[in-house]
Amino acid sequence: MKSLTFGAYIKEVRMSKNIPQRKVAHHLDIDTSTLSKIELGQRQLNLNMIKKLSEILELDYKKLQVKFITENITTEYHGQPYLKQALNRVIKKIKK
């Protein structure tokens, strides 16, 4: 089973909880058309919105942030031959 994109995941959670798009958009301080584009994968969510999104959708902030960052790295750098080496270097840098 293919995993959902981040936007599709957000839409699925929102709809499963019967939260209108306008309510989520208002909480994020964006318009509904922007949220729609995010849910459709046509626009990127701002990392700073993850906390507010976790609140309105009642999701674990840490898990949501990890999901967001993972998808962004995977989407942007998938197929790069040295991705794993680069990620290991990042991990070493942030441990310092």
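The request comes next, followed by one connected answer.

Reader: Look closely at helix α1. At what angle do α1 and α5 pack, and which residues make the contact?

Author: This is a predicted model; local features need pLDDT of at least 70, side-chain atom pairs count only at pLDDT 80 or more, and totals for chains, interfaces and linings use all residues. Residues are numbered from 1 along each chain as its sequence is written, and side-chain values use heavy atoms, without hydrogens and water.

Start with the setting. The chain has six helices and zero strands (DSSP runs numbered from the N terminus: H or I of at least four residues for helices, E of at least two for strands). Along the sequence the pattern reads α-α-α-α-α-α. The C-alpha atoms fill a box of roughly 40 × 30 × 25 Å along the principal axes. Of the 96 residues, 25% count as buried (under 20% relative accessible area; exposed is over 50%, partly exposed is in between, with a 1.4 Å probe and protein chains only). Take contacts between residues at least 6 apart in sequence: 51% of them join residues at least 24 apart. A contact here means heavy atoms within 4.5 Å.

Now to your helix. Helix α1 covers residues 6-16, and helix α5 covers residues 61-77. The two pack at an angle of about 150°. Their axes lie 10 Å apart. An axis is a line fitted to C-alpha atoms, for helices over the stretch in contact, and angles run from 0 to 180 degrees between N-to-C directions. The helices are therefore roughly antiparallel (over 145 degrees; under 35 is roughly parallel, 65 to 115 roughly perpendicular and the rest oblique).

The residues come next. From α1, the contact uses F6, Y9 and I10. From α5, L64, K67, F68 and E71 take part. By class, that is five nonpolar, no polar and two charged residues. Nonpolar covers Ala, Val, Leu, Ile, Met, Phe, Trp, Tyr, Cys and Pro; charged covers Asp, Glu, Lys and Arg; the others, Gly among them, are polar.

Two of these residues form the one aromatic pair in the structure. The ring centres of F6 and F68 are 5.2 Å apart and the planes stand at 70°, so the pair is edge-to-face. (Rings of Phe, Tyr and Trp, its six-membered ring, pair if their centres lie within 6.5 Å; planes under 30 degrees apart are stacked, over 60 edge-to-face and the rest tilted.) The pair links distant parts of the chain, with F6 in α1 and F68 in α5, 62 residues apart. Both F6 and F68 are buried.

Y9 and K67 meet in another way. K67 lies over the face of Y9, 4.7 Å from the ring centre. The cut-offs for a charge over a ring are NZ of Lys or CZ of Arg within 6 Å of the centre and within 35 degrees of the ring normal. Elsewhere, the charged end of K51 sits over the ring of Y61, 4.7 Å from its centre.

Stay in α1 and move on to R14. R14 is buried, at 7% relative accessible area. Leaving out residues up to four places away in sequence, R14 touches I19, P20, Q21, V24, E39 and L57.

Follow R14 to E39. E39 belongs to helix α3, residues 32-39. E39 is buried too, at 4% relative accessibility. With the close sequence positions again left out, up to four places away, E39 touches G7, A8, I10, K11, R14 and Q21.

Helix α2 spans residues 21-28, and its axis comes within 9 Å of that of α3, crossing at roughly 100°. The two are therefore roughly perpendicular.

S3 lies in the segment before α1. S3 is exposed, at 59% relative accessible area. The loop between α1 and α2 holds N18. N18 is exposed, at 68%. N18 has a positive phi of about 55°, although it is not a glycine. E58, in the loop between α4 (50-56) and α5, has a positive phi of about 55° and is not a glycine either. E58 is exposed, at 63%.
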